[in-house]
Amino acid sequence: MSARHKYAFIGLGNLGSNLAASLLRNGFSLVVYDPSPAAVEKLMALGAKPAVSPAVAAAKAGNAITCLPSPNISEAVLTGPGGLLEGLPEGGTWIEMSTNGRDEIIHLAALAAARGIQTLECPVTGGVHLAASGQVTALVGGDLALYEHHRKAIEAMCARSFHMGPVGSGAIIKVITNMLAFIHLVAAGEALMLAKTGGLDLAQAYHAIVASSGNSFVHETESQLVLNGSYDIGFTMDLALKDLGFAMRMANEAGVPLDLAQRVNSIFEKGKESYGGGAWSTQIVKLLEDAVGKELRAPGFPARLEA
């Protein structure tokens, strides 16, 4: 297999493991690294080769993909001891699929460029359940020719991809889409609670909203987990607050008053205080359930989403 079809993949969490598995299913060769031995073993069972560090994985593959929980961790994996810059050859590519702010990814790309490494940012949207079947959407920032060079790998993981412009552009649109999702989640919870207190059948109310002008992707998906009671979206309060923080900073820098997003950010801060940063982000609706003293439950809804 050509070097073009071989990648190191670093970060095998809820999202990264599914993205990596899609590459393997589509014939790509992967060398993987994650601090969790169980996560590595899961990918080895699908044909991936393990490595003892990001540097070793990158050296073996020539190109690297990362999917990590924060910009600080991305920088550590890129520049720290045993990091990607120790292993990637000059002219290699780093594809960053983590969610970063614009300033963070521009900074990291500059560090890579100083070592002769090209950067393609490629955050994805759609949720962990869509990543499991390769149906997420990629929001790409970077050189257009570099995007075309790695497009087959991106399309192996993502059903659709949008080249948004230079590095930093993908971060901007990803932060925007996540901001909208969190707003929609809080709104969906409030809508369901009004249906509950109004005496409606919640399953019927769910389906009526889906068929209405008030529908959203978040209602179609995450409301099901609320109605089941599992809340298991595979995405935490801490991650939601990280992304909302990026949106707040962008707004402050641009002088844009985000009244609604600011209120939602405050609600998520209360959610973290109440349930912990590791709680599923969908549990933000539980704040309303606890305040009203009524649970939003209906039969026939799944504990986890399937694509």
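The model is predicted.

Start with helix α10, which spans residues 169-197. Two of its partners are described here. One is α11, and the two helices pack at an angle of about 135 degrees. Their axes lie 10 Å apart. α10 and α11 are therefore oblique to each other. The crossing is right-handed. From α10, the contact uses A191, L192, A195 and K196. From α11, L202, A205 and I209 take part. By class, the contact of α10 with α11 holds six nonpolar residues, no polar ones and one charged.

The other partner is α13. Here the packing angle is about 115 degrees, and the axes are 9 Å apart. This crossing of α10 and α13 is left-handed. On the α10 side sit I172, V175, N178, M179 and F182. They meet A240, D243, L244, F246, A247 and M250 in α13. The contact of α10 with α13 divides into nine nonpolar residues, one polar and one charged.

Now follow α13 itself. The helix covers residues 237-254 and also packs on α14, residues 259-275. The angle between α13 and α14 is about 155 degrees, with 10 Å between the axes. Why does this pair count as roughly antiparallel? Angles over 145 degrees fall in that class, so α13 runs roughly antiparallel to α14. The crossing of α13 and α14 is left-handed. α13 contributes M237, D238, A240, L241, L244, G245 and M248. α14 contributes A261, Q262, V264, N265, F268, E269, G271, K272 and Y275. The contact of α13 with α14 has nine nonpolar, four polar and three charged residues.

Next, the aromatic rings. How many aromatic pairs does a search of the whole structure find? There are four. One of them joins Y206 and F301. The ring centres are 5.1 Å apart and the planes make an angle of 80 degrees, an edge-to-face arrangement.

The phi angle of Y231 is near 60 degrees, a positive value in a residue other than glycine. Y231 is buried, with a relative accessibility of 4%.

Three further residues take the reader elsewhere in the chain. L43 lies in helix α2, residues 37-44. At 1% relative accessibility, L43 is buried. Which residues does L43 touch, not counting those up to four places away in sequence? They are L12, S17, A20, A21, L24, V32 and A48. L43 and L185 are 142 residues apart along the chain. Their C-alpha atoms are separated by 32 Å.

T137 is in strand β8, residues 136-141. This threonine counts as buried, at 10% relative accessibility.

S133 is found in the loop between α7 (128-131) and β8. Is S133 buried or partly exposed? S133 is partly exposed, with a relative accessible area of 32%. From S133 to V226 the C-alpha distance is 23 Å, for a separation of 93 residues in sequence.

Note on methods. Residues are numbered from 1 along each chain as its sequence is written. This is a predicted model: local features need pLDDT of at least 70, side-chain atom pairs count only at pLDDT 80 or more; totals for chains, interfaces and linings use all residues. Side-chain values use heavy atoms; hydrogens and water are left out. Rings of Phe, Tyr and Trp (its six-membered ring) pair if their centres lie within 6.5 Å; planes under 30 degrees apart count as stacked, over 60 as edge-to-face and the rest as tilted. Axes are lines fitted to C-alpha atoms, for helices over the stretch in contact, and angles run from 0 to 180 degrees between N-to-C directions. Helices (H or I, at least four residues) and strands (E, at least two) are DSSP runs, numbered from the N terminus. Angles under 35 degrees count as roughly parallel, over 145 as roughly antiparallel, 65 to 115 as roughly perpendicular and the rest as oblique. A crossing is left-handed if the near helix is turned anticlockwise from the far one by less than a right angle, and right-handed if clockwise. Contact means heavy atoms within 4.5 Å. Ala, Val, Leu, Ile, Met, Phe, Trp, Tyr, Cys and Pro count as nonpolar, Asp, Glu, Lys and Arg as charged, and the others, Gly among them, as polar. Buried means under 20% relative accessible area, exposed over 50%, partly exposed in between (1.4 Å probe, protein chains only).
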